[in-house]
Every structure is written in structure tokens, then in C-alpha cells.
Amino acid sequence: MINWFRDISFANPLMLYFLISIPLLAIWFFLKKKKQVVSIQLSSLSVLGNVKPNLKVRLRNVPFLFRLIALALIIVALARPQSKTSWQDIKTEGIDIVIAFDISASMLAKDFKPDRLEAAKEVAISFIDKRPNDRIGLVIFSGESFTQCPLTSDHNILKNLFKDVKTGMVQDGTAIGMGLATAVNRIKDSKAKSKVIILLTDGVNNSGSVSPELAAEIAVPFGIRVYTIGVGTTGMALSPVALYPNGQYAYDYVEVKIDEDVMRKISELTNGKYFRATNKQKLEEIYKEIDTLEKSIIEEKQYTKKNEMFLPFAAAAFLFLVLEFILKNTWLKTVN
């Protein structure tokens, strides 16, 4: 009921001020009735001792009440109530994004909790959750690269495949150029107005047949922006240094080396931006900034249709006037 009144507007709202007359008329009527005195001469008042007003007497003012209600309804009808029907025509155009994700053994370094790989996966999945209108794909690389998930709008599948990512899925190494080239190949034919690659690595390019600079140059004519993220603390970090036959890594403190000059060059060539994440909180902030920089295009149009609603009020007013006339001239008829 409350929502119904919220959807009502009035073409002539000033008419509603006349509703103030309703309580004033009621006050005038009852004051007038109070002044009316009827005198009857009786020989004794004892016969009136047990006389109580009957139903007809109790309801003697109902016709006037009906008249006030009818008057109020007529005022509302003259104010021309109108219902508002609104709807929106929303056009959402998402962005195509490919995440190129380093899974080399060094991503198991402990300068992030529990390690770089798991922290980066967790933050990336949170980023995916905030981009419901975008198609997102995943390329993983270390010494080689391959597509873990092509561009998709089914983010549940993407997140499940992301969770399965681990080191050792391909030959170890850091083929940044190959990872970027594979990501470019996956997104270059996209029809989206905005094409983005997020390249995340913690090292220096040391394998692969394509250099990072060449991969960036290939991305330029396709209008692909590359945001590069260097992951790792400054100084030394507890990192894997050897792999035991049982599949466990031996750890030692190793100097963190990220080729930031190359990462910056990739981003500059493609009109992107380079970020350095020295801890998980910083990595979260970087993804938030990318989220702000790459907003989906949303066009919204508002339509409103108004329907006249005075007729129910006018009909109800007529009904109360008829009831008043019938009662006043039949059962509740009075003699002046």
C-alpha cells in the first residue's frame, strides 16, 4: 500500500490544500448541532429514566460523514492523481581482459602469505568477482606458456580453473615474452571496444623465443592495453632454490630481481601502466586501481509513463453521495 502511494503524483497538487476544509466543516457541524435545543414538556421525568439512544440515534450523523468523505474524494479527483510506470533501458558493454599469470617456481617465495602464487591467485579471483560484465581469460606461463581459460563470461568456470593453477604445470623458467604473446593472440580478434591484458610476474625474462618488447609491439596495432605488475618485496626473500626428488622445494634467501625497466616499457608501448606489489595489500590496491581505470560502458535511459487515476476517486465520491441521499431520505430521515 505504501509503495502504491509512492508511485502516485498529482497534476494539480494545489487542489489538495482544499482538504483542510474537511476538518473545519466537521467542527462547524458538531458545534451547530450542540447549539440546537429541542424542548418537550413532560409531567414527569421518571418515564425517561431507562431510555437509551437506539441505533438510529447513534447513526444520525452518518449521512454528514458520508458527505465529508465524498467531498474529500472529489478534491483528490480534481487534483488529478496519476500513476507513474517507470522502466530503464540499460546497455552494458563489458571489457575483454586476459590475465597473463607467472607460475614459475619463484612464485612460491614466502614474502607474501602464504606465498606469492596463492596470494596473487586470491587477489585476482576477487578482481574477477568485481567484473561481472566482462569476458575474462587466463594465460599461464613459466618457461613456456599456454591458455588455461579462453575469454569467457562464465566466471565460475574461470575461477575454478584459476584455483587449479600451480607451479610445475609447464617447464620452469620465466618466459614473459611468450606469456604476453599468448595473451595477445587470445584477445587480438576481440570485438570489444576495450581490450586489456594484466601481466603479472616476479622475475626477469630468461626463456622463450619471443622477447617481451616484441610481444608488446605486436599488441599495439590491435589496441590492446597492457598493465604490468611486478610481484615481490625489495631486498631478499625466502624462495625455492632446489627441488628434491620427493617433489618438495628447498628454500633459502634470494635477492628479488624484477626487470622493471622492461615492464615499464611494455606498459608505455601499449598505453598501459606498470605497478610494483611488495605485499598482498599493495597487490589488492593495484587491482582496485585497474578496476577503476577500466570501467565497463553503461548507457542508461529512463522512461516514465503516467496514467490518470482520478476516476476511482470520482466513482467513490459518487457512491458516498448516493448513500448519504438514501439514508437521509429513508431510515435516517429527520423532520426539521
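The axes of helix α4 (residues 62-78) and helix α11 (residues 310-329) come within 8 Å of each other and cross at roughly 160°, where axes are lines fitted to C-alpha atoms, for helices over the stretch in contact, and angles run from 0 to 180 degrees between N-to-C directions. That makes α4 roughly antiparallel to α11, since angles under 35 degrees count as roughly parallel, over 145 as roughly antiparallel, 65 to 115 as roughly perpendicular and the rest as oblique. The model is predicted, so local features need pLDDT of at least 70 and side-chain atom pairs count only at pLDDT 80 or more, while totals for chains, interfaces and linings use all residues. Residues are numbered from 1 along each chain as its sequence is written, and side-chain values use heavy atoms, with hydrogens and water left out.

**The protein as a whole**

- The protein has 11 helices and 11 strands, where helices (H or I, at least four residues) and strands (E, at least two) are DSSP runs numbered from the N terminus.
- Of the 336 residues of the protein, 39% count as buried; buried means under 20% relative accessible area, exposed over 50%, and partly exposed in between, with a 1.4 Å probe and protein chains only.
- Among contacts between residues at least 6 apart in sequence, 81% join residues at least 24 apart, a contact being heavy atoms within 4.5 Å.

**Helix α4 with helix α11**

- Helix α4 passes α11 in a left-handed crossing; a crossing is left-handed if the near helix is turned anticlockwise from the far one by less than a right angle, and right-handed if clockwise.
- On the α4 side the contact includes V62, P63, F66 and R67, and on the α11 side it includes F310, F313, E324 and K328.
- By class, this contact of α4 with α11 has 18 nonpolar, no polar and 3 charged residues, where Ala, Val, Leu, Ile, Met, Phe, Trp, Tyr, Cys and Pro count as nonpolar, Asp, Glu, Lys and Arg as charged, and the others, Gly among them, as polar.

- Strands of a sheet pair through backbone hydrogen bonds, either parallel or antiparallel.
- An open sheet of 6 strands has the order β5-β4-β3-β6-β7-β10, with mixed pairing, and two strands pair if DSSP finds at least two bridges between them.
- The edge strands are β5 (145-152) and β10 (273-277), each of which pairs on one side only, and the twist averages 15° from one strand to the next.
- Strand β7 (residues 224-231) is joined to β10 by 5 bridges, and the two run parallel; Y227 has K273 in β10 as its bridge partner.
- Helix α5 packs on the sheet, touching β3, β4 (135-141), β6 (195-201) and β7, and its direction makes about 175° with that of β3.

**Two further helix pairs**

- Helix α5 and helix α10 (residues 280-293) pack at an angle of about 25°, with their axes 10 Å apart, which makes α5 roughly parallel to α10.
- Helix α5 passes α10 in a right-handed crossing, and by class their contact has 8 nonpolar, no polar and 4 charged residues.
- Helix α7 (residues 176-187) and helix α8 (residues 212-219) pack at an angle of about 15°, with their axes 7 Å apart, and α7 and α8 are therefore roughly parallel to each other.
- I176, G177, L180, A181 and V184 in α7 meet P212, A215, A216, I218 and A219 in α8, a contact with 9 nonpolar, 1 polar and no charged residues.

**Residues in the loops**

- K110 lies in the loop between β3 (96-102) and α5 (116-129), and K110 is partly exposed, with a relative accessible area of 32%.
- K110 and S239 are 129 residues apart in sequence but 6.4 Å apart in space, C-alpha to C-alpha; leaving aside residues up to four places away in sequence, K110 touches D115, L238 and Y251.
- P114 is also found in the loop between β3 and α5, and the peptide bond from K113 to P114 is cis, with omega near -5°.
- R80, in the loop between α4 and β2 (81-93), has a positive phi of about 55° although R80 is not a glycine, and at 33% relative accessibility R80 counts as partly exposed.
- N271, in the loop between α9 (260-269) and β10, is a residue other than glycine with a positive phi near 60°, and N271 is exposed, with a relative accessible area of 63%.
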